[in-house]
Amino acid sequence: MTQERAPLWEALIKHTAVAGAQFHIPGHRSGQAIPDEFLQFAGTGIFKLDLTEIPGLDDLHQPQEAIADAMALAAQAYGAEKSFFLINGTSCGLIALILACCGPGDKIIVPRNAHRSVLSGLVLSGAVPIYYQPAVIEDFCCFVGPDYLEIEKLLNENINSKAVLSVNPTYYGVAGNLTQLAGICRRADVPLVVDEAHGTHLRFHTDLPPDALSSGADAVVQSTHKTGGSLTQSSLLHLQGPRIDADRVAEALRMVQSTSPSYPLLVSLDLARRQLALRGRELLEKTLQLARWCRDKLSRIQGVRVLGPEHLGAAGAQYLDPTRLTISLLPRGLTGHRTAELLHRKYRVFVEMADAAGVVAVLSLGTTQEDCRLLVEAVQEIAASAAGQPLQLPQTLQLPQPKVAISPREAWQSPGRDVLLESSLHCICGETVAVYPPGIPAICPGEAITQPVLDYLLEVRQRGCHVQGPRDASLQKIRVLC
Ligand SMILES: Cc1ncc(COP(=O)(O)O)c(C=O)c1O
(Lines give C-alpha, C1' and ligand atoms only; values in the text may rest on other atoms or scores of the structure.)
Protein backbone atom coordinates (compact mmCIF):
# COMPACT_ATOMS: atom_id res chain seq x y z
CA MET A 1 0.00 0.00 0.00
CA THR A 2 1.33 3.46 -0.78
CA GLN A 3 1.42 6.59 1.35
CA GLU A 4 -1.26 8.14 -0.91
CA ARG A 5 -3.79 5.85 0.72
CA ALA A 6 -5.63 6.65 3.96
CA PRO A 7 -7.34 3.31 4.73
CA LEU A 8 -9.35 4.36 7.76
CA TRP A 9 -10.55 7.55 6.09
CA GLU A 10 -11.55 5.54 3.02
CA ALA A 11 -13.44 3.01 5.14
CA LEU A 12 -15.31 5.74 7.01
CA ILE A 13 -16.25 7.62 3.86
CA LYS A 14 -17.44 4.41 2.25
CA HIS A 15 -19.56 3.61 5.28
CA THR A 16 -21.14 7.07 5.52
CA ALA A 17 -21.98 7.11 1.78
CA VAL A 18 -24.52 4.34 2.19
CA ALA A 19 -27.59 5.19 4.26
CA GLY A 20 -28.72 2.62 6.79
CA ALA A 21 -30.48 2.21 10.09
CA GLN A 22 -28.29 2.89 13.12
CA PHE A 23 -28.92 0.98 16.31
CA HIS A 24 -25.45 1.35 17.73
CA ILE A 25 -23.52 3.67 19.99
CA PRO A 26 -22.74 6.60 19.95
CA GLY A 27 -26.33 7.49 20.52
CA HIS A 28 -26.24 10.89 18.85
CA ARG A 29 -26.75 8.86 15.62
CA SER A 30 -24.44 10.66 13.23
CA GLY A 31 -25.37 14.04 14.71
CA GLN A 32 -29.20 13.66 14.97
CA ALA A 33 -29.12 14.10 18.76
CA ILE A 34 -26.33 16.63 18.96
CA PRO A 35 -27.52 19.89 20.61
CA ASP A 36 -28.39 22.57 18.02
CA GLU A 37 -25.76 25.14 18.94
CA PHE A 38 -23.00 22.54 18.61
CA LEU A 39 -24.36 21.39 15.23
CA GLN A 40 -24.70 24.94 13.95
CA PHE A 41 -21.12 25.73 14.84
CA ALA A 42 -19.46 22.48 13.85
CA GLY A 43 -21.61 21.36 10.90
CA THR A 44 -22.66 17.74 10.48
CA GLY A 45 -19.54 16.16 8.96
CA ILE A 46 -17.55 15.45 12.09
CA PHE A 47 -20.54 13.76 13.75
CA LYS A 48 -21.01 11.43 10.81
CA LEU A 49 -17.46 10.22 11.37
CA ASP A 50 -18.05 9.61 15.07
CA LEU A 51 -18.80 5.91 14.69
CA THR A 52 -17.81 2.72 16.44
CA GLU A 53 -16.58 -0.84 15.79
CA ILE A 54 -19.22 -1.83 13.22
CA PRO A 55 -18.50 -4.07 10.21
CA GLY A 56 -15.95 -2.47 7.91
CA LEU A 57 -14.54 -0.12 10.54
CA ASP A 58 -12.19 -2.52 12.34
CA ASP A 59 -11.33 -2.52 16.07
CA LEU A 60 -8.45 -0.52 17.58
CA HIS A 61 -7.82 -3.22 20.18
CA GLN A 62 -7.83 -6.14 17.71
CA PRO A 63 -6.96 -4.42 14.39
CA GLN A 64 -7.21 -6.53 11.24
CA GLU A 65 -8.62 -4.32 8.53
CA ALA A 66 -8.68 -0.53 7.98
CA ILE A 67 -7.04 0.38 11.31
CA ALA A 68 -4.36 -2.29 10.86
CA ASP A 69 -3.64 -0.95 7.36
CA ALA A 70 -3.55 2.65 8.58
CA MET A 71 -1.12 1.71 11.38
CA ALA A 72 1.05 -0.20 8.89
CA LEU A 73 1.27 2.93 6.74
CA ALA A 74 2.24 4.97 9.80
CA ALA A 75 5.00 2.43 10.55
CA GLN A 76 6.20 2.71 6.96
CA ALA A 77 6.21 6.52 7.04
CA TYR A 78 8.22 6.61 10.28
CA GLY A 79 10.52 3.66 9.50
CA ALA A 80 9.14 1.62 12.40
CA GLU A 81 8.51 -2.13 12.47
CA LYS A 82 5.18 -1.60 14.17
CA SER A 83 3.12 1.47 15.04
CA PHE A 84 0.08 1.90 17.25
CA PHE A 85 -2.59 4.61 17.11
CA LEU A 86 -3.23 6.11 20.56
CA ILE A 87 -6.37 7.95 21.61
CA ASN A 88 -5.20 8.98 25.07
CA GLY A 89 -2.13 10.95 24.08
CA THR A 90 1.53 10.23 24.61
CA SER A 91 0.66 9.85 28.30
CA CYS A 92 -0.96 6.44 27.74
CA GLY A 93 1.85 5.37 25.39
CA LEU A 94 4.50 6.04 28.03
CA ILE A 95 2.50 4.21 30.69
CA ALA A 96 2.01 1.22 28.37
CA LEU A 97 5.71 1.05 27.51
CA ILE A 98 6.73 1.11 31.18
CA LEU A 99 4.19 -1.65 31.88
CA ALA A 100 5.51 -3.65 28.94
CA CYS A 101 9.17 -3.35 30.02
CA CYS A 102 9.01 -3.44 33.82
CA GLY A 103 7.43 -5.39 36.64
CA PRO A 104 7.47 -4.74 40.40
CA GLY A 105 10.96 -3.94 41.67
CA ASP A 106 12.52 -3.65 38.20
CA LYS A 107 14.86 -0.73 37.63
CA ILE A 108 14.26 1.85 34.92
CA ILE A 109 16.54 4.81 34.19
CA VAL A 110 14.48 7.98 33.87
CA PRO A 111 15.16 11.71 33.69
CA ARG A 112 14.25 13.68 36.77
CA ASN A 113 12.13 16.05 34.65
CA ALA A 114 10.05 13.26 33.05
CA HIS A 115 6.41 13.97 32.22
CA ARG A 116 3.99 13.13 35.03
CA SER A 117 2.62 10.12 33.10
CA VAL A 118 5.98 8.46 33.80
CA LEU A 119 5.21 8.56 37.52
CA SER A 120 1.83 6.95 36.73
CA GLY A 121 3.68 4.24 34.78
CA LEU A 122 5.99 3.67 37.75
CA VAL A 123 3.07 3.41 40.18
CA LEU A 124 1.13 1.04 37.93
CA SER A 125 4.10 -1.20 37.10
CA GLY A 126 5.79 -1.16 40.52
CA ALA A 127 9.11 -0.30 38.83
CA VAL A 128 11.84 1.57 40.70
CA PRO A 129 13.30 4.70 39.06
CA ILE A 130 17.03 5.35 38.75
CA TYR A 131 17.10 9.07 38.08
CA TYR A 132 19.44 11.24 36.04
CA GLN A 133 19.41 15.04 36.20
CA PRO A 134 19.05 16.90 32.90
CA ALA A 135 21.36 19.89 32.51
CA VAL A 136 19.87 23.39 32.35
CA ILE A 137 20.62 26.30 29.99
CA GLU A 138 20.99 29.05 32.57
CA ASP A 139 19.79 32.12 30.62
CA PHE A 140 16.46 30.47 29.89
CA CYS A 141 16.45 28.06 32.80
CA CYS A 142 15.37 25.31 30.39
CA PHE A 143 16.20 21.62 30.54
CA VAL A 144 18.15 19.95 27.81
CA GLY A 145 17.96 16.40 26.43
CA PRO A 146 19.76 13.30 27.72
CA ASP A 147 23.50 13.21 28.41
CA TYR A 148 24.53 9.81 27.04
CA LEU A 149 27.71 9.58 29.16
CA GLU A 150 25.75 10.00 32.37
CA ILE A 151 23.26 7.35 31.28
CA GLU A 152 26.11 4.98 30.34
CA LYS A 153 27.47 5.38 33.86
CA LEU A 154 24.06 4.58 35.37
CA LEU A 155 23.70 1.53 33.12
CA ASN A 156 27.08 0.26 34.29
CA GLU A 157 26.08 0.76 37.92
CA ASN A 158 22.66 -0.86 37.39
CA ILE A 159 23.37 -3.73 35.02
CA ASN A 160 19.94 -5.30 35.39
CA SER A 161 17.98 -2.18 34.36
CA LYS A 162 14.96 -3.00 32.24
CA ALA A 163 14.80 0.21 30.18
CA VAL A 164 16.20 3.70 29.66
CA LEU A 165 13.68 6.51 29.18
CA SER A 166 14.59 9.85 27.62
CA VAL A 167 12.74 13.05 26.83
CA ASN A 168 13.94 14.28 23.47
CA PRO A 169 13.47 16.99 22.26
CA THR A 170 12.36 18.93 25.32
CA TYR A 171 9.47 21.38 25.44
CA TYR A 172 12.00 24.03 24.39
CA GLY A 173 13.02 22.06 21.28
CA VAL A 174 16.47 21.19 22.66
CA ALA A 175 17.76 17.73 21.75
CA GLY A 176 20.73 15.56 22.72
CA ASN A 177 22.70 12.96 20.81
CA LEU A 178 20.32 10.00 20.61
CA THR A 179 22.50 8.02 18.21
CA GLN A 180 25.22 7.77 20.85
CA LEU A 181 22.66 6.95 23.52
CA ALA A 182 20.99 4.26 21.37
CA GLY A 183 24.42 2.67 20.75
CA ILE A 184 25.11 2.54 24.50
CA CYS A 185 21.69 0.99 25.19
CA ARG A 186 22.12 -1.52 22.35
CA ARG A 187 25.49 -2.67 23.71
CA ALA A 188 23.93 -3.05 27.17
CA ASP A 189 20.94 -4.83 25.58
CA VAL A 190 18.55 -2.47 27.37
CA PRO A 191 15.65 -0.92 25.41
CA LEU A 192 15.74 2.82 24.81
CA VAL A 193 12.28 4.39 25.11
CA VAL A 194 12.05 7.97 23.85
CA ASP A 195 9.35 10.42 24.84
CA GLU A 196 9.26 12.32 21.54
CA ALA A 197 6.00 14.08 22.41
CA HIS A 198 7.42 17.25 20.85
CA GLY A 199 9.02 15.63 17.81
CA THR A 200 6.33 14.13 15.52
CA HIS A 201 7.50 16.37 12.70
CA LEU A 202 11.28 15.87 13.01
CA ARG A 203 11.57 13.05 10.49
CA PHE A 204 10.14 15.10 7.66
CA HIS A 205 12.76 17.85 7.27
CA THR A 206 16.53 17.71 7.38
CA ASP A 207 16.83 21.13 9.08
CA LEU A 208 15.26 19.62 12.22
CA PRO A 209 17.03 17.54 14.90
CA PRO A 210 17.37 13.81 14.06
CA ASP A 211 14.29 11.80 15.07
CA ALA A 212 14.47 9.02 17.63
CA LEU A 213 13.68 6.07 15.34
CA SER A 214 16.37 7.04 12.82
CA SER A 215 18.74 7.43 15.75
CA GLY A 216 18.11 3.82 16.85
CA ALA A 217 15.57 4.05 19.69
CA ASP A 218 13.60 0.86 20.42
CA ALA A 219 10.32 2.59 21.26
CA VAL A 220 9.11 6.11 20.58
CA VAL A 221 5.91 7.92 21.54
CA GLN A 222 4.90 11.09 19.73
CA SER A 223 2.08 13.54 20.35
CA THR A 224 0.94 13.81 16.74
CA HIS A 225 -1.61 16.33 17.97
CA LYS A 226 1.14 18.70 19.10
CA THR A 227 2.97 19.27 15.81
CA GLY A 228 1.77 16.64 13.35
CA GLY A 229 -1.64 18.05 12.40
CA SER A 230 -3.98 15.52 14.09
CA LEU A 231 -6.65 16.13 16.73
CA THR A 232 -5.91 16.69 20.43
CA GLN A 233 -5.27 13.42 22.33
CA SER A 234 -4.16 11.49 19.24
CA SER A 235 -0.61 10.12 19.37
CA LEU A 236 1.58 7.45 17.77
CA LEU A 237 3.68 4.76 19.41
CA HIS A 238 6.40 3.13 17.28
CA LEU A 239 8.56 0.07 17.88
CA GLN A 240 11.61 -1.35 16.19
CA GLY A 241 14.07 -4.12 17.00
CA PRO A 242 13.87 -7.20 19.22
CA ARG A 243 14.11 -5.66 22.69
CA ILE A 244 10.44 -4.78 23.28
CA ASP A 245 7.66 -7.33 22.88
CA ALA A 246 5.02 -5.77 20.61
CA ASP A 247 2.29 -8.11 21.89
CA ARG A 248 2.97 -7.04 25.45
CA VAL A 249 2.74 -3.36 24.40
CA ALA A 250 -0.60 -4.11 22.69
CA GLU A 251 -1.87 -5.76 25.89
CA ALA A 252 -0.72 -2.84 28.00
CA LEU A 253 -2.43 -0.40 25.63
CA ARG A 254 -5.65 -2.38 25.99
CA MET A 255 -5.40 -1.79 29.75
CA VAL A 256 -4.88 1.97 29.57
CA GLN A 257 -7.03 3.02 26.61
CA SER A 258 -10.77 3.36 26.32
CA THR A 259 -12.78 0.50 24.83
CA SER A 260 -14.70 3.20 22.94
CA PRO A 261 -11.96 4.84 20.89
CA SER A 262 -12.92 7.98 19.04
CA TYR A 263 -12.97 7.50 15.26
CA PRO A 264 -12.46 11.23 14.60
CA LEU A 265 -9.21 10.94 16.57
CA LEU A 266 -8.17 7.75 14.79
CA VAL A 267 -8.94 9.05 11.34
CA SER A 268 -7.14 12.30 12.11
CA LEU A 269 -4.01 10.22 12.71
CA ASP A 270 -4.46 8.41 9.40
CA LEU A 271 -4.83 11.69 7.49
CA ALA A 272 -2.08 13.51 9.40
CA ARG A 273 0.31 10.66 8.57
CA ARG A 274 -0.65 10.91 4.89
CA GLN A 275 -0.17 14.67 4.87
CA LEU A 276 3.23 14.41 6.56
CA ALA A 277 4.37 11.60 4.29
CA LEU A 278 3.29 13.34 1.08
CA ARG A 279 3.73 17.02 1.92
CA GLY A 280 5.63 17.14 5.19
CA ARG A 281 8.80 18.57 3.72
CA GLU A 282 7.00 21.27 1.78
CA LEU A 283 4.78 22.27 4.74
CA LEU A 284 7.69 22.25 7.17
CA GLU A 285 9.76 24.34 4.78
CA LYS A 286 7.09 27.01 5.06
CA THR A 287 7.01 26.68 8.85
CA LEU A 288 10.80 26.91 9.02
CA GLN A 289 10.79 30.04 6.86
CA LEU A 290 8.27 31.65 9.20
CA ALA A 291 10.36 30.58 12.20
CA ARG A 292 13.51 32.08 10.66
CA TRP A 293 11.65 35.31 9.95
CA CYS A 294 10.36 35.53 13.55
CA ARG A 295 13.72 34.61 15.06
CA ASP A 296 15.48 37.24 12.98
CA LYS A 297 12.98 40.01 13.88
CA LEU A 298 12.75 39.06 17.56
CA SER A 299 16.48 38.86 18.13
CA ARG A 300 16.89 42.40 16.77
CA ILE A 301 14.60 43.83 19.45
CA GLN A 302 16.57 45.44 22.24
CA GLY A 303 16.21 43.59 25.52
CA VAL A 304 14.77 40.44 23.96
CA ARG A 305 16.64 37.12 24.11
CA VAL A 306 15.75 34.18 21.87
CA LEU A 307 17.07 30.68 22.57
CA GLY A 308 19.31 29.88 19.61
CA PRO A 309 22.12 27.63 18.39
CA GLU A 310 24.61 29.81 20.32
CA HIS A 311 23.15 28.43 23.57
CA LEU A 312 23.82 24.80 22.61
CA GLY A 313 26.89 22.75 23.37
CA ALA A 314 26.17 20.81 26.58
CA ALA A 315 25.97 17.02 26.13
CA GLY A 316 22.16 17.05 26.10
CA ALA A 317 21.98 20.18 23.95
CA GLN A 318 23.35 19.22 20.54
CA TYR A 319 20.40 20.32 18.42
CA LEU A 320 17.61 22.88 18.48
CA ASP A 321 14.28 22.60 16.73
CA PRO A 322 14.08 26.05 15.05
CA THR A 323 10.28 25.92 15.01
CA ARG A 324 10.27 26.43 18.80
CA LEU A 325 10.81 30.03 19.86
CA THR A 326 11.83 30.47 23.48
CA ILE A 327 11.68 34.20 24.09
CA SER A 328 12.86 35.98 27.23
CA LEU A 329 12.25 39.59 28.21
CA LEU A 330 14.12 39.33 31.51
CA PRO A 331 16.52 42.07 30.32
CA ARG A 332 13.43 44.35 30.09
CA GLY A 333 12.33 43.39 33.60
CA LEU A 334 9.56 40.97 32.58
CA THR A 335 9.20 37.35 33.64
CA GLY A 336 7.84 34.85 31.17
CA HIS A 337 4.56 34.70 33.07
CA ARG A 338 4.12 38.47 32.84
CA THR A 339 5.11 38.47 29.17
CA ALA A 340 2.52 35.78 28.39
CA GLU A 341 -0.14 37.73 30.26
CA LEU A 342 0.61 40.92 28.34
CA LEU A 343 0.70 39.00 25.07
CA HIS A 344 -2.76 37.57 25.49
CA ARG A 345 -4.45 40.43 27.39
CA LYS A 346 -3.29 43.31 25.21
CA TYR A 347 -2.57 41.63 21.89
CA ARG A 348 -4.56 38.36 21.86
CA VAL A 349 -1.38 36.45 21.17
CA PHE A 350 -1.50 33.04 22.88
CA VAL A 351 1.73 31.17 23.45
CA GLU A 352 2.15 27.50 24.36
CA MET A 353 3.93 27.90 27.67
CA ALA A 354 5.36 30.44 30.08
CA ASP A 355 7.80 30.10 32.95
CA ALA A 356 9.82 32.53 35.03
CA ALA A 357 12.43 33.05 32.33
CA GLY A 358 10.37 33.33 29.17
CA VAL A 359 7.63 32.10 26.88
CA VAL A 360 7.64 29.28 24.34
CA ALA A 361 5.89 29.91 21.03
CA VAL A 362 5.29 26.79 18.96
CA LEU A 363 5.27 27.25 15.19
CA SER A 364 3.56 24.37 13.43
CA LEU A 365 2.23 23.30 10.04
CA GLY A 366 -0.75 25.59 10.57
CA THR A 367 1.10 28.77 11.57
CA THR A 368 0.46 31.75 9.29
CA GLN A 369 2.50 34.85 8.39
CA GLU A 370 -0.18 36.92 10.09
CA ASP A 371 0.29 34.97 13.37
CA CYS A 372 4.02 35.67 13.16
CA ARG A 373 3.52 39.36 12.41
CA LEU A 374 1.22 39.71 15.43
CA LEU A 375 3.74 37.94 17.70
CA VAL A 376 6.68 40.04 16.57
CA GLU A 377 4.78 43.33 16.78
CA ALA A 378 3.41 42.48 20.22
CA VAL A 379 6.86 41.59 21.57
CA GLN A 380 8.26 44.79 20.02
CA GLU A 381 5.64 46.92 21.76
CA ILE A 382 5.91 45.09 25.08
CA ALA A 383 9.70 45.42 25.07
CA ALA A 384 9.51 49.11 24.12
CA SER A 385 7.07 49.99 26.88
CA ALA A 386 8.63 47.88 29.63
CA ALA A 387 10.19 50.21 32.15
CA GLY A 388 11.51 47.70 34.68
CA GLN A 389 15.10 46.98 35.64
CA PRO A 390 16.69 43.86 34.13
CA LEU A 391 15.67 40.80 36.12
CA GLN A 392 18.04 38.07 37.21
CA LEU A 393 16.63 34.62 37.81
CA PRO A 394 17.23 33.52 41.38
CA GLN A 395 20.42 31.52 41.48
CA THR A 396 19.69 27.84 41.06
CA LEU A 397 20.53 25.81 44.16
CA GLN A 398 22.48 22.61 43.61
CA LEU A 399 19.83 19.84 43.68
CA PRO A 400 20.41 17.13 46.29
CA GLN A 401 20.98 13.56 45.16
CA PRO A 402 17.65 11.67 45.38
CA LYS A 403 17.57 8.52 47.52
CA VAL A 404 14.75 6.18 46.52
CA ALA A 405 13.64 4.34 49.66
CA ILE A 406 10.51 2.56 48.43
CA SER A 407 8.95 2.32 44.96
CA PRO A 408 6.50 4.98 43.78
CA ARG A 409 3.83 2.23 43.91
CA GLU A 410 4.48 1.51 47.59
CA ALA A 411 4.51 5.23 48.29
CA TRP A 412 1.18 5.65 46.51
CA GLN A 413 -0.35 2.85 48.56
CA SER A 414 0.96 4.08 51.93
CA PRO A 415 -1.05 6.42 54.16
CA GLY A 416 0.57 9.78 54.87
CA ARG A 417 0.61 12.54 57.46
CA ASP A 418 1.87 16.13 57.54
CA VAL A 419 4.83 16.92 59.81
CA LEU A 420 6.89 20.04 60.45
CA LEU A 421 9.65 20.25 57.87
CA GLU A 422 12.23 20.49 60.67
CA SER A 423 11.11 17.15 62.10
CA SER A 424 11.04 15.25 58.81
CA LEU A 425 14.66 14.06 58.73
CA HIS A 426 14.94 10.36 57.70
CA CYS A 427 11.19 10.14 56.96
CA ILE A 428 9.99 8.89 53.58
CA CYS A 429 8.40 11.64 51.56
CA GLY A 430 4.81 11.30 50.39
CA GLU A 431 4.68 14.10 47.81
CA THR A 432 6.66 15.80 45.06
CA VAL A 433 8.46 19.04 45.83
CA ALA A 434 9.87 20.91 42.85
CA VAL A 435 11.48 24.30 43.20
CA TYR A 436 11.47 26.85 40.44
CA PRO A 437 13.98 27.44 39.00
CA PRO A 438 14.61 24.96 37.50
CA GLY A 439 11.31 23.12 38.26
CA ILE A 440 12.97 19.69 38.57
CA PRO A 441 11.70 17.75 41.62
CA ALA A 442 13.98 17.94 44.64
CA ILE A 443 12.12 15.00 46.12
CA CYS A 444 9.43 12.57 44.94
CA PRO A 445 7.06 10.19 46.75
CA GLY A 446 8.96 7.22 48.17
CA GLU A 447 12.27 9.07 48.61
CA ALA A 448 14.11 9.53 51.89
CA ILE A 449 14.36 13.00 53.38
CA THR A 450 18.12 12.87 53.87
CA GLN A 451 20.17 15.61 55.55
CA PRO A 452 21.14 17.20 52.16
CA VAL A 453 17.47 17.14 51.05
CA LEU A 454 16.33 18.69 54.32
CA ASP A 455 19.04 21.36 54.15
CA TYR A 456 18.01 22.13 50.57
CA LEU A 457 14.30 22.45 51.48
CA LEU A 458 15.08 24.64 54.50
CA GLU A 459 17.21 26.90 52.29
CA VAL A 460 14.42 27.05 49.69
CA ARG A 461 11.93 28.04 52.38
CA GLN A 462 14.23 30.64 53.86
CA ARG A 463 14.85 32.21 50.44
CA GLY A 464 11.11 32.18 49.64
CA CYS A 465 11.63 30.29 46.35
CA HIS A 466 8.64 29.33 44.22
CA VAL A 467 7.64 25.77 45.10
CA GLN A 468 5.44 23.43 43.05
CA GLY A 469 3.84 20.17 44.17
CA PRO A 470 3.46 20.00 47.96
CA ARG A 471 0.17 20.49 49.76
CA ASP A 472 1.80 23.20 51.86
CA ALA A 473 3.57 25.45 49.34
CA SER A 474 5.04 27.50 52.21
CA LEU A 475 6.98 24.37 53.23
CA GLN A 476 6.17 24.77 56.92
CA LYS A 477 4.97 21.17 56.74
CA ILE A 478 5.73 18.27 54.47
CA ARG A 479 3.77 15.07 53.74
CA VAL A 480 5.54 11.95 54.93
CA LEU A 481 4.54 8.30 54.88
CA CYS A 482 3.53 6.57 58.09
C1 LIG B 1 7.58 15.91 27.32
C2 LIG B 1 6.14 15.47 27.34
N3 LIG B 1 5.87 14.16 27.40
C4 LIG B 1 4.60 13.70 27.40
C5 LIG B 1 3.53 14.56 27.35
C6 LIG B 1 2.14 14.01 27.35
O7 LIG B 1 1.62 14.08 26.06
P8 LIG B 1 0.06 14.01 25.76
O9 LIG B 1 -0.51 15.34 26.12
O10 LIG B 1 0.01 13.72 24.28
O11 LIG B 1 -0.50 12.92 26.57
C12 LIG B 1 3.77 15.95 27.30
C13 LIG B 1 2.64 16.88 27.28
O14 LIG B 1 2.78 18.07 27.21
C15 LIG B 1 5.11 16.41 27.30
O16 LIG B 1 5.39 17.72 27.26
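The model is a predicted one, in which local features require pLDDT of at least 70 and side-chain atom pairs pLDDT 80 or more, while totals for chains, interfaces and linings use all residues. Residues are numbered from 1 along each chain as its sequence is written.

Helix α7 spans residues 148-157 and helix α8 residues 178-188; their axes cross at roughly 15° and come within 9 Å. α7 is therefore roughly parallel to α8, a class that takes angles under 35 degrees. Axes are lines fitted to C-alpha atoms over the stretch in contact, with angles from 0 to 180 degrees between N-to-C directions. Helices are DSSP runs (H or I, at least four residues), and strands are E runs of at least two. On the α7 side, Y148, I151, E152 and L155 meet Q180, L181, I184 and A188 of α8, contact being defined by C-beta atoms, placed from the backbone, within 7 Å.

L290, W293, C294, K297 and L298 of α12 contact Q369, C372, L375, V376 and V379 of α14. The crossing of α12 past α14 is right-handed.

The largest nonpolar core comprises 80 residues, and L97, I98 and L266 have the most contacts inside it. Such a core is a set of buried Ala, Val, Leu, Ile, Met, Phe, Trp, Tyr and Cys residues joined through C-beta atoms within 7 Å. Another core, of 41 residues, lies apart from the largest one and includes F140, V174, A291 and L375.

The bond from I25 to P26 has omega near 5°, and P26 lies in the loop between α1 (7-17) and α2 (36-42). The bond joining N168 and P169 has omega of about -10°; P169 is placed in the loop between β6 (163-167) and β7 (174-175).

R29, in the loop between α1 and α2, is not a glycine but has a positive phi of about 50°. R29 counts as partly exposed because it has 16 C-beta neighbours inside 10 Å; 20 or more other C-beta atoms within 10 Å make a residue buried, 12 or fewer exposed, and counts in between partly exposed, with C-beta atoms placed from the backbone. D58, also not a glycine, has a positive phi of about 60° and counts as buried, with 23 such neighbours inside 10 Å.

Technical notes: Left-handed = near helix turned anticlockwise from the far one by under 90°. Contact = placed C-beta atoms within 7 Å. Parallel < 35°, antiparallel > 145°, perpendicular 65-115°, else oblique.
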